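Open the viewer and keep the selection tool at hand. Each stop below tells you what to pick and what you will find there.

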Amino acid sequence: MFAYYLELGLRSLRRNPILTALMVIGIATGIAASMTTLTVMYLLGNDPIPWKSGKLHYVQLDNWDANNPWRDDGKPPDQVTYQDAQALMAAGKADKQAAMFKISLPVQPENKDLKPFQSLGRATYADFFGMFEPPFKYGGAWNHDQDKQHAHVVVLGKDLNEKLFGGQDSTGKTIRMSGTDYTIIGVVGDWKLRTRYYDLTNGAFSDPDEFFFPYTTAIDLKQRSSGNNSCFKSPEPGWDAYLQSDCVWQQMWVELDSPARLAEYKSFLDNYVNEQKKLGRFPRPLNNQLLNVTEWMKDQKVVSRDVQVQTGLGFAFLIVCLVNTIGLLLAKFTRKSGEIGLRRALGASKRDVFTQFLIESGVVGLSGGVLGLILTGLGLVAVRALYEEYKTVAQLDWSMIGVTIVLAVVSALLAGLYPTWRACSVQPAAQLKV
Amino acid sequence: MEIRPIISALMRSKVSMILIGLQVALTLAIVCNALFIIVERAHLMNRPSGMNESETFTFGSSGFAQGYDAHTQMQADLALLRGLPGVVDATTSNSTPLANGGWDTGILLQPKQKTPSADSALYFVDSHGINTFDTHLIAGRNFKPEEIATMDQGSRVQPPVIIVTKALADKLFPDGNAVGKSVYMDEDPPTSTIVGVIDHLQEPWVTNKDIENVTLIPGYMPYGNYSRYLVRTEPGRRDEVMKDAEQKLGVSNTGRIIGKMRSLETLRHEAYANDRAMMIILLAVIFCLLTITALGIVGMASFWVAQRTKQIGTRRALGASRGAILRYFLTENFLITTGGLIVGGVLAYGLSLWLLTNTDGARLLPWYYVPMGFVCLWILGQIAVLGPATRAARVPPAVATRSV
């Protein structure tokens with residue numbers, strides 16, 4: 001019977017091509033609007049490291065001015081000072097820990113065809129690689145001893161290795177940056193980070209880091225971070241004074257493998273701050289924050305309010321499209337009262353009529369879904385063109401394709417339900433009278 | 001007008017009426033709010049930066065060679081830039097309006113004051129700063145060449161003289177006469193004396209609230225080996241000068257990297273990229289919504305006309321004119337739309353309240369958007385129903401005599 005009803009449905013849809021097109025296009029644009037915006041929102045807020053996002057925690061300490069909070073809402077600064085990062089690294093109380101900062105260095109290629117260029121990278125500790133798990137294409141990370149020895153080693157990002165060595169295995173070779181040679185010990189492969197969640201302060205959607213090298217080595221360069229730096233009072237002149245100042249410019253991450261370890265680390269931080277208070281620092285009340293990856297992304301509003309508003313409006317638009325489809329289906333089915341009456345009089349049960357018309361709605365929904373999927377693809381192309389920074393998140397995603405099709409059919413069936421119910425409650429006798 | 005029979009006819013197809021009304025209601029609510037957001041963004045984007053954007057460009061230079069001296073190089077670069085054909089003026093500046101990155105600080109009126117009297121962005125420039133930005137002194141004087149200090153990234157910022165924007169001057173000294181007054185750029189003395197006031201200049205951050213709080217500091221201040229320049233050219237010669245400058249600076253010292261040259265127009269384009277994207281997306285939503293709603297009205301009205309062909313024929317046979325039939329359908333649409341619009345007005349404010357949550361500085365939908373939306377949707381509804389209604393008016397009276 002299904003094949004027969006399907007054929008009836010298709011024939012009925014062909015009889016009124018304009019009305020059918022109107023319904024299909026209506027559902028398709030509604031689906032496309034809601035799914036384009038939902039995909040962007042979903043991928044933006046998506047957990048970048050689901051297998052351990054609950055273990056990685058971002059350390060925030062409130063070392064700010066006694067009279068003026070970091071922000072009006074009383075949240076602690078979004079970065080930490082050099083001295084606090086050093087103290088926490090030295091204490092080593094977490095299972096893994098890595099302080100880091102963004103740095104820009106001139107690269108002087110050996111290949112004379114390439115002009116020297118500025119490269120953006122990250123100074124961090126060996127644990128960074130164990131914590132954030134970038135995939136290595138060649139070689140590997142440096143170790144804790146090299147951290148202590150201020151080793152001149154570097155891990156290249158995929159792009160920089162591509163640019164300097166044509167993507168070949170460059171481990172063991174050297175790279176000259178700002179007049180110093182560094183030995184390449186590893187090359188990161190395709191690290192698909194939608195958001196650079198480990199440094200949200202300096203742009204969640206910035207290009208991937210081009211190189212990584214030991215923090216201890218970077219500090220020897222006496223070069224400030226190329227990322228955000230905030231001070232509530234001017235440091236005394238000179239590099240050492242800057243390091244001892246209360247300026248915040250580093251990110252501090254810790255890995256804590258169990259809730260018990262998290263609680264321990266929290267009390268460790270509280271003790272640390274209380275000790276510092278005795279030394280005259282940390283004039284504000286105790287206000288440490290230890291957020292995990294997803295909490296930190298939420299705190300930093302990685303999913304912007306604009307994206308939420310767009311998604312809200314996308315779904316409101318889908319509702320309008322569905323209301324539109326209900327109206328049109330109702331109109332269409334009501335015109336068929338005579339036909340329905342005839343079928344009922346000839347012995348078709350209500351159930352048969354119901355199935356027949358629901359299949360017709362389903363066909364509209366499925367076509368709307370398929371067209372909607374194509375339009376969603378186009379919509380995401382448009383989003384990529386409009387938002388340069390969302391190029392990694394405005395991508396069709398398999399789970400989202402599934403959601404799109406299901407959403408389309410469910411919406412069309414929902415839209416078809418009332419008109420179908422009305423159609424099958426037609427009284428045959430009323431229709432057969434002339 | 002024959003409203004009562006229309007209403008009693010409508011009551012017989014309540015569901016269809018509610019569906020069209022609901023569609024109109026949602027459309028009104030969304031269109032009003034989307035339009036309001038668009039207008040707000042356009043307003044943000046239209047704020048002038050206070051500088052000559054079309055004829056100005058900026059770039060950075062970072063030295064890496066052994067023995068590279070950023071200060072000597074800066075003087076050489078400025079001399080080279082100012083001597084290029086087509087250049088009106090050039091200055092060093094750590095940042096510019098629309099750059100979305102820079103230095104800001106709290107300004108105090110008393111030493112050790114607990115809460116700053118104002119926050120201000122700082123631009124470290126020399127005596128060519130005002131002319132290169134193409135902003136205008138409205139009081140006081142420019143920096144003298146001998147006042148420009150040689151500074152480093154770690155220097156304390158305690159310049160003897162500063163120039164501020166009018167917005168900042170008014171905030172610090174509401175009684176006027178800021179020129180000659182002293183402020184603390186640092187929590188400790190010495191103070192800095194305001195020697196000049198310029199009319200307009202924006203901070204680097206377009207999202208900041210007090211966007212015109214800017215202080216010019218007389219200083220040559222490279223960040224380590226990195227320095228930033230701003231160049232204003234003669235009208236129409238920007239791109240040509242950009243290429244020339246890039247080439248000449250590149251060969252003048254091969255121990256450094258000349259960064260990408262970017263016009264202020266490019267910076268503006270990037271600074272407002274998200275707002276522009278939001279506007280375009282919302283415009284697309286408005287367009288699609290109005291189209292879908294109009295098509296929905298056409299579809300539903302066509303169906304009603306088809307369903308009532310016999311009744312229309314009967315009315316015509318009983319003497320109703322074509323105009324009367326046309327008016328019937330137009331009035332019917334007007335009634336349904338009005339019902340939807342009243343609900344939509346309430347929905348519009350509900351949506352506006354939702355939009356207000358979690359959004360800094362957002363305002364409630366101004367009242368006039370709703371009546372404006374009413375008029376637009378009334379017109380849209382009437383236009384949409386015109387086709388089916390005209391078809392209805394053409395139904396011949398003879399239809400009444402035919403059996404179905």
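**Stop 1: a helix pair in chain A**

This is a predicted model. Begin with helices H1 and H13 of chain A, which meet in a right-handed crossing. To find them, select residues 2-15 for H1(A) and residues 350-386 for H13(A). The two pack at an angle of about 60 degrees, and their axes lie 8 Å apart. That angle makes H1(A) oblique to H13(A).

Now show the side chains in the contact. H1(A) brings A:Tyr5, A:Leu6, A:Leu8, A:Gly9, A:Leu10, A:Ser12 and A:Leu13. From H13(A) come A:Thr355, A:Gln356, A:Ile359, A:Glu360 and A:Val363. Colour this contact by class and you get seven nonpolar, four polar and one charged residues.

**Stop 2: a loop in chain A**

Stay in chain A and select A:Ser178. It sits in the loop between strand S6 (174-177) and strand S7 (180-188). Check the backbone here: phi of A:Ser178 is near 50 degrees, a positive value in a residue that is not glycine. Most residues other than glycine have a negative phi.

**Stop 3: chain B as a whole**

Switch to chain B. How many helices and strands does its secondary structure come to? Count eleven helices and 13 strands. Zoom out to take in the overall form. The radius of gyration of chain B is 33 Å, well over the 22 Å that the globule rule gives for 404 residues, so the chain is more spread out than a compact globule. Along the principal axes, its C-alpha atoms fill a box of roughly 105 × 50 × 35 Å.

Next, colour chain B by confidence. The average pLDDT is 92, and 99% of the residues score at least 70. Where in chain B is confidence lowest, and where is it highest? Look at helix H1 (residues 3-10) of chain B for the lowest, with a mean of 82. Strand S2 (residues 87-92) of chain B has the highest, at 97.

**Stop 4: a helix pair in chain B**

Select residues 273-307 of chain B for helix H8, then residues 369-393 for helix H11. Their axes are 9 Å apart, at an angle of about 25 degrees. An angle under 35 degrees counts as roughly parallel, and therefore H8(B) and H11(B) are roughly parallel to each other. H8(B) passes H11(B) in a right-handed crossing.

**Stop 5: a cis peptide bond**

Jump to B:Pro190, in the loop between strand S8 (182-183) and strand S9 (192-198) of chain B. Is the bond from B:Pro189 to B:Pro190 cis or trans? It is cis, with omega near 5 degrees. Most peptide bonds are trans.

**Stop 6: where the chains meet**

Finish by showing both chains. Here 47 residues of chain B are in contact with 45 residues of chain A. On the chain B side, helix H2 (14-45) and H8 each supply at least two residues. H8(B) gives the largest share, 17 residues. By class, the side of chain B that touches chain A has 25 nonpolar, 18 polar and four charged residues. For the complex, the predictor gives an ipTM of 0.87 and a pTM of 0.89.

How values were computed
Residues are numbered from 1 along each chain as its sequence is written. Chains are lettered from A and ligands numbered from 1 in the order in which they are written. This is a predicted model: local features need pLDDT of at least 70, side-chain atom pairs count only at pLDDT 80 or more; totals for chains, interfaces and linings use all residues. Axes are lines fitted to C-alpha atoms, for helices over the stretch in contact, and angles run from 0 to 180 degrees between N-to-C directions. Helices (H or I, at least four residues) and strands (E, at least two) are DSSP runs, numbered from the N terminus. Angles under 35 degrees count as roughly parallel, over 145 as roughly antiparallel, 65 to 115 as roughly perpendicular and the rest as oblique. A crossing is left-handed if the near helix is turned anticlockwise from the far one by less than a right angle, and right-handed if clockwise. Two residues are in contact if their C-beta atoms, placed from the backbone, lie within 7 Å. Ala, Val, Leu, Ile, Met, Phe, Trp, Tyr, Cys and Pro count as nonpolar, Asp, Glu, Lys and Arg as charged, and the others, Gly among them, as polar. pLDDT is the predictor's confidence in each residue, from 0 to 100. The radius of gyration is taken over C-alpha atoms; the globule rule is 2.2 Å times the number of residues to the power 0.38.
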